[in-house]
Protein chains: 2
Amino acid sequence: MFIEKLEAAQEKNNSLVCVGLDPNAEKIKAMGLGLDDWLMSIVDATAPHACAFKPQIAYFAAMQAEDELIDIIAYIHDQYPELPVILDAKRGDIGTTAAQYAIEAFDRYQADAVTVNPYMGGDTLLPYSQRADKGVVVLCKTSNAGSGELQNLTLDNGRTLFEQVAVNANNDWNSNNNLMLVVGATYPEELRQIRSLAGDMPFLIPGIGAQGGDVQATLNAGLRTDGKGLVISSSRGIIYAGEQLNDFAEKAQMAAHTLQNTINQYR
Amino acid sequence: MFIEKLEAAQEKNNSLVCVGLDPNAEKIKAMGLGLDDWLMSIVDATAPHACAFKPQIAYFAAMQAEDELIDIIAYIHDQYPELPVILDAKRGDIGTTAAQYAIEAFDRYQADAVTVNPYMGGDTLLPYSQRADKGVVVLCKTSNAGSGELQNLTLDNGRTLFEQVAVNANNDWNSNNNLMLVVGATYPEELRQIRSLAGDMPFLIPGIGAQGGDVQATLNAGLRTDGKGLVISSSRGIIYAGEQLNDFAEKAQMAAHTLQNTINQYR
């Protein structure tokens, strides 16, 4: 069960930090490292401070690195079996095709959860959510500057579109209790509103660090009363804290540890 | 320029048919064929009746067939250079990540166009649309039964969400004149409304055939006055018209030809 695995990892490592794995081919090559070696070093360095890893499949796909994506997820399962892997893929398609994407994420890559886009409707999320042991992380209010163009439109019932997504996710799409929502750290007021609509559902929070989201505002707005319910993801701020062969892993470790501590200070 | 290539192909082959390439590993294996051979046979059989091909990347990804996807797109470009390839991937992510997906679609796979999801906002479509020679096919009103759950919500300006997507696509997102919209054949009234909002923008129309969309209703609702503006996609109805080794290609050819004729009868 994905949510249980996630929350057990948050307890064990006393961390809400999710380490985003967005491999930049040029930076890694400049260090004279292979992709597999760089990924394993980053994972080893940051695992003690993390509750999850989030590989971004776009970076792997652009560089034809499907094998390396399989390898690093298998490595995480082998070395850190308590830490779930969220495949950031933002997939979305009609049911028969979504079933293929579920195979891609859960069987081919062995991810514990996958991010998905709700625009096509709840029926298109079923092929993922029917896998009761896996997690489905639904885009709600994304971290980018233009996310409001559609997501903040007001409906005739007075809700915004992102609020309606939160309501439908909580009321209609979550029969297996394996859903999460994506809410950008760059929008703490929206995060507060979504928390009020989505019960105890955990949220994946991108946008801390390079995108400018604030840790304290995020925790104030989105934390559950049990001090959990948030998975705060940082990619560039951790994995490229150092770009030299002799200290990139140490700097990634320090950056993950610092973020872990900053978050825990406000929990 | 993608739109020009597409419309030239529609003229040359006197066809609005797009052949969807959704390879089903079991069916192909049951015929004793390799994936590459099956794909080339389907392409050769249907190319004279088509204006485009649309490989669905989910099927390739589920069976670890990235190499075969590269191969078949290269084969189409080599043998039928007049026919554009629309990679059906429905990607969507923040700008820095979307740039990686643009590399995946346009550079790695050499697609002429890619389908994308607008939920995250117009800024996330720029990495694709900035490639002025390439096409960007934006989900507007999709063909699935549950598409209305979000897409048909009414906004406080009186428009539905899918109408707003059509308006934004036409007014704000199309500075390079390389956008299309996805509109399901299963919703002819919505198609008519979108045509009234989106000017001369071409539409990609899934949902004919296995999903139950009607050809005549689709043409009545969406065709431009010049008899173009629609790309009518069929996958299963063409590529699995036959499932025997000795006649699958002939039956695919006949199905594509029949759809071409049915469409042209009502144009």
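A residue is buried if 20 or more other C-beta atoms lie within 10 Å of its own, exposed if 12 or fewer, and partly exposed in between, with C-beta atoms placed from the backbone. Helices here are DSSP runs (H or I, at least four residues), strands likewise (E, at least two), numbered from the N terminus. This is a predicted model: local features need pLDDT of at least 70, side-chain atom pairs count only at pLDDT 80 or more, and totals for chains, interfaces and linings use all residues. Residues are numbered from 1 along each chain as its sequence is written, while chains are lettered from A and ligands numbered from 1 in the order in which they are written.

In helix α9 of chain B (residues 161–171), eight of the eleven residues are buried, so the rest of the structure largely encloses this helix. Among the buried ones are B:Leu161, B:Phe162, B:Glu163 and B:Asn168. The buried residues of α9(B) pack against α8 and α9 of chain A, plus β5, α8, β6 and α10 of chain B.

Beyond four places in sequence, A:Val231 is in contact (C-beta atoms, placed from the backbone, within 7 Å) with residues including A:Leu6, A:Cys51 and A:Phe203.

## Two helices packing

Helices α11 (residues 215–222) and α13 (residues 248–266) of chain A pack at about 45°, axes 9 Å apart; axes are lines fitted to C-alpha atoms over the stretch in contact, and angles run from 0 to 180 degrees between N-to-C directions. On the α11(A) side the contact uses A:Val215, A:Gln216 and A:Leu219, and on the α13(A) side A:Thr262, A:Ile263 and A:Tyr266.

How values were computed:
Contact = placed C-beta atoms within 7 Å.
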